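Q: Please take a close look at the annotated active site and its surroundings. A connected account would be appreciated.

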Amino acid sequence: MGHVEFVKGHGTENDFVVLPDPDGSIDLDADEGLLVRALCHRRRGIGADGVLRVVRTDAPVAVAAGIEGGDATWFMDYRNGDGSLAEMCGNGVRVFARYLLDAGLVAPGTHPVATRAGTRWVTVDRTGPVTVDMGPAVLGPASTTVVDGRELTGVAVDVGNPHLACVTGTDLEGLDLAAPPAYDRSLFPHGVNVEVLTPLADGAVRLRVHERGSGETRSCGTGTVAGAVAALDAAGRHTGTVTVHTPGGTLLVGVDGATTTLTGPAELVAHGTWGAALPARV
Ligand SMILES: N[C@@H](CCC[C@H](N)C(=O)O)C(=O)O
């Protein structure tokens, strides 16, 4: 495997390796996602929850993936840390937009980004939070899960990817979310991200998440939207603005009848070359 240029970034500590690969020439599927797993490994790699490959929408790999470029020049090819594909990543798409801006590929403003879940419009400026129009979050049936030996009831929420959002009074501090929670495979045939959230007195919610393909993460953008929609639903509401506190930071979710928005920080912290020998000592 040759050298690969990378950028490291995060949004509320949901962290990513950004791989600029406009022509889609890096083979991320080889050896069941070996490169992705190696990059994301916390001890033997760079360490990340997932990989954001930056590919042109007209590159053969994007076309082969069925990506409808539409207005979008760039495709966010998202991979979980275990090498699996996911349809969408809410924190990732905000970090992706931060990369596009800092790399001079877009100007400050609102831009379309193609994802496997469809096009998402992201508003990014030189500094400050990044907002993404996440599209509709569709509530599904109630379902149960088992987390840390406790049975919890949640509601299915489709945010382009699958979620089971459990509104509960459970003490989130003590909950062990390391192991994949049990779930109904007939309802979630492709797996599910599981959120556990507690409404707070001021109307905000506290949220933790076990992500499909990544394990417990410090934050999950799509999970935050799913949690906010579930919390509103539990309160008998279908619109509103919800502040969501995750272990990695605070995000703001807007929910109206037609769509949802997600706002929060997105930062790039390093860049380098994977696989390169160190420069010779002088
Ligand atoms: N961390 C992401 C979600 C990444 C995908 C997820 N693990 C899945 O498999 O669906 C986010 O910020 O939304």
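A: Helices and strands are named here from DSSP runs, with helices (H or I) of at least four residues and strands (E) of at least two, numbered from the N terminus. In this predicted model, Cys89 belongs to the loop between β4 (74–80) and α3 (90–102). Cys220 is located in the loop between β13 (215–217) and α4 (221–234).

The interest of these two cysteines comes from a record: in an unreviewed entry, UniProt places the feature "active site" at Cys89 and Cys220. They are spread over 132 residues of sequence, yet they cluster in space, with a largest C-alpha distance of 7.7 Å.

Burial can be judged by a count, since a residue is buried if 20 or more other C-beta atoms lie within 10 Å of its own. Cys89 has 32 such atoms within 10 Å and is therefore buried. Cys220 has 34 other C-beta atoms within 10 Å, so Cys220 is buried.

The surroundings of each cysteine can be listed. With neighbours within four places in sequence left aside, Cys89 is in contact with Gly50, Tyr78, Gly221 and Thr222. Under the exclusion of residues up to four places away in sequence, Cys220 touches Asn14, Asn91, Asn193, Val209 and Glu211.

Gly221 and Thr222, which are in contact with Cys89, are among the buried residues of α4. This helix is mostly covered, as twelve of its 14 residues are buried; those twelve also include Ala226, Ala228 and Leu232. The length of α4 agrees with expectation, because 14 residues at 1.5 Å a residue should span 20 Å and the end C-alpha atoms are 20 Å apart. After α4 comes Gly236, with a positive phi near 75°.

Ala228 of α4 is also one of the residues with the most contacts inside the largest nonpolar core, together with Val18, Phe96 and Ala97. Apart from residues up to four places away in sequence, Ala97 touches His111, Val113, Val122, Val124, Val130 and Ala266.

The two domains remain to be described. Their C-alpha centres lie 23 Å apart, and the contact takes 19 residues from domain 1 and 19 residues from domain 2. On the side of domain 1 that touches domain 2, α3 supplies the largest share, three residues. By class, this side of domain 1 has four nonpolar, ten polar and five charged residues.

Methods. Residues numbered from 1 in each chain as written. Predicted model: local features only at pLDDT ≥ 70, side-chain atom pairs only at ≥ 80, totals over all residues. UniProt positions renumbered as here; feature names shortened; annotations may be inferred. Contact = placed C-beta atoms within 7 Å. Core = buried A, V, L, I, M, F, W, Y, C linked by C-beta atoms within 7 Å. Expected span 1.5 Å × (residues − 1). Domains from an automatic or database assignment. Nonpolar A, V, L, I, M, F, W, Y, C, P; charged D, E, K, R; others polar.
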